[in-house]
Amino acid sequence: MENTTEHFEHRDDAASKLGMWLFLYTELLLFGGLFLVYSIYRFRNAEAFAECGHHLDLMVGTINTIVLLTSSMTVAMSITALQHGKKKQAIRLLIATIVCALIFMVNKYFEWHHKFEMGTYPGSPTFKSLPHGDGLFYLLYFFMTGLHAIHVIVGSIILIFVIVYIKQDKIRPDKFALHENGGLYWHLVDLIWIFLFPLFYLIH
Amino acid sequence: MSEHLSYLQDSGGRKGIFKWILSTDHKRIALLYLSILSTFFLVAMCIGLSMKLELIAPGRQIMGPQTYNQMFTLHGVIMIFIFIIPGIPAVFGNFILPLIIGAKDVAFPKLNLFSWYLYLAGTLIALSTLLVGHGPADTGWTFYAPYSIRTGTNVTLAVFAAFVLGFSSILTGLNFLTTIHRMRAPGMTWFKMPLFAWALYATSWIQLLATPVVGITLLMIMAERTFGVGLFDPALGGDPVLYQHLFWIYSHPAVYIMILPGMGVVSEIIPTFARRRIFGYRAIAYSSLAIAFIGYFVWGHHMFTSGMSGTARIVFSLMTFLVAIPSAIKVFNWVATLYKGSIDLKTPMLYILAFIFLFLIGGLTGLVNGALATDVHIHDTAFVVAHFHYVMFGGTGFTFFAAIHYWFPKIWGKMYNAKIANIAWGILFVGFNLLYFPMFILGMMGMPRRYYDYPPEFTFWNVVSTVGSWILATGIILMVVNLIRGIRSGEKAPSNPWNSLSLEWQTASPPITENFEEIPVITDEPYQYQKQ
Amino acid sequence: MAEHKHHILSNFTIFKVWLLLVILTGITVSVTHFNLGAFAVGVALLVACVKSTLVLTYFMHLKYDDKILTAFIFIVMLVFTSFIVLTLIDYIYR
């Protein structure tokens, strides 16, 4: 018999939830730093920012917003389904969430590609000759939507894990903290976009 | 009688180094942190000694200006990000927190080990800046733009190291917050919790909320150096002062990450060695939270001469004066606890008494810095250097030493030689004041900081200061050697050599892996020495 | 924190919240067609705040969870907002 007493399995769902929320606060502050930079440079370059906002595709941005809101709905419904013992439905709803994420990323790809073609991206040969306000706008646009996109990808991977765990019965109606916490992370991704959308697409 | 092993004997079923680097036991993780931390502390101390050697006389002694700049940058980065910020939480928070609240471990033991790996990675990345490219950063630990953007030295690597270290700090804070919320022993309500736990609670909130801001700021520096887009470059529409805002939004709360745990240590040691209940327990608990909270709103006092608006300067100066109040409340309460106490001058208590004296000087000179009119004269002079060494070293550093000497028997089950420890303390204390007090004078006389040279009228106090550094180093080395001897061949210690009423002392020294044979049930408030 | 019987969010509630969010999105987009001048930012941010409150309260379950989590989110938002306000005070009064 091993001389060890190191593994005590203690399950504390409330601790898991608290831990996840605490992590979300750090994510909020991480993006918060960028929102701070945005607010200062917007204040100093109000017209340039407003003008550049026109060059973003409002239709695509709005669609993406609806897509993410819908994905929040589907992930919330997947938890409800799981709690009612409806495994298959929970998984279908999680897949729907990930499909929404994919649609979002495809749209984002087209948006970014358009900007690359126009040369308004950091590191392009013409970037440094843009007027100051424009340069700052596009830098912040790519930095913030880029960081957000990374979180969409990470969130999707987390939800894939949730699907796997449901299939393996590691997530069950009596043990679903992982599912809830995955959902919380996903809602954070939605929350950040709820603020990114107006700040970049709507204020002009 | 239990057949439970002490945590040092319990190999967890692993062999060799894996007993340590794969262990999720908070006690072993604490020692993993201590091993790296103490090594880097000694390295940074040597860097400091060579800086003082350069400053022993006007003119070049052993290094030129470029090297000097890299030295003070390294000294700052190591001391701040690798020693002081992790310091007490990573070592004593990890070891003692679960014990002092009656828990088996922290809330997320595996995450705890992961925090340590991040810490290790951060230190290695920081080391790598010495070995590649144009050498270590020469910007100062503050990495101010635009110089940090333009310099050819390894700034990108250095800030990436700080980024990784910050992530480690965040996860530790997250772990401690959850631990304190969820794992207190039955009966231990919030206001029956020891003040060290309260201190770690407040600290963890700062780690959690402030660190991400510097994280994203450091990412911005990396992006700026890579893409040159103009975030902080006035030529491209950016504002370097914005960098300072972002940097200090973290780095000011960071100094409270540094001092709050130390204050928690003070609140534990004083009752034990004065045999008195702490005066104003709730006031100290609330003050910890107040310091954490108000501390978020004072960062501009590092930027009074940067070009900020007059309105901003007034607001930040006012907030700075407010944040001094809860610290002062704590000092009053500690001194009140000592009054009519039965004071036992054991080594930990000596360090705490020294702390009160040194922290008082540091804190009061903080007000000199925080007042707009006086700051104009002393900003970026040696005065500031003296101030922050009094609070960070005389404050946090001395409480770190106090904590080692206090919890030593608990951690290793042995005792160090107390007489040598006290002699080391005396040498340390004299050396410290000789090293740093002259810097107040030099600063008022006008000597700038971060210069490798100075005009001849500053020579006398610089010589005093450099000699002080040698005395201080002697004290530190004596202290460290004495402690290492204690670990290797010290006398076996009883489980409660200080007769403390605190929970960590009610279990074996060293503790068994699960800390307690049975999780205790708490009925009393802490520090009830008057009942003895 | 108190333990309580776990609340299950009904699909109907989830759907209603989603509908509200979509409507609010529509409102905030159509409002851009009016020239609100200096108020444009304020209105857009206000709608964003309402939307995020809905997500936090219902989707993220804050309404049904331990009240301390709600308290925490307030504190976090307060601290973050202060960062922006204090920094703006510098730039506005330069």
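**Notebook: chain C and its contact with chain A**

I began with the contact between the two chains, and I found that it takes 34 residues from chain C and 32 residues from chain A. I keep in mind throughout that this is a predicted model.

Next I looked up which parts of chain C supply this contact, and I noted that helix H1 (11-31), helix H2 (39-59) and helix H3 (67-92) each give at least two residues to the side that touches chain A. I then sorted the residues on that side of chain C by kind, and I recorded 25 nonpolar, seven polar and two charged.

After that I turned to the fold of chain C itself, where I counted three helices and zero strands, so that reading along the sequence gave me the pattern α-α-α.

I also checked the overall dimensions. For chain C I noted a radius of gyration of 17 Å, whereas a compact globule of 94 residues would have one near 12 Å. Taken along the principal axes, the box that the C-alpha atoms of chain C fill came out at roughly 55 × 35 × 10 Å. When I looked up burial, I found that 28% of the 94 residues of chain C count as buried.

Last, I looked at how chain C is divided, and I wrote down that the domain assignment gives domain 1 (9-60) and domain 2 (66-94).

Note on methods
Residues are numbered from 1 along each chain as its sequence is written. Chains are lettered from A and ligands numbered from 1 in the order in which they are written. This is a predicted model: local features need pLDDT of at least 70, side-chain atom pairs count only at pLDDT 80 or more; totals for chains, interfaces and linings use all residues. Helices (H or I, at least four residues) and strands (E, at least two) are DSSP runs, numbered from the N terminus. The radius of gyration is taken over C-alpha atoms; the globule rule is 2.2 Å times the number of residues to the power 0.38. A residue is buried if 20 or more other C-beta atoms lie within 10 Å of its own, exposed if 12 or fewer, and partly exposed in between; C-beta atoms are placed from the backbone. Domain bounds come from an automatic or database domain assignment. Two residues are in contact if their C-beta atoms, placed from the backbone, lie within 7 Å. Ala, Val, Leu, Ile, Met, Phe, Trp, Tyr, Cys and Pro count as nonpolar, Asp, Glu, Lys and Arg as charged, and the others, Gly among them, as polar.
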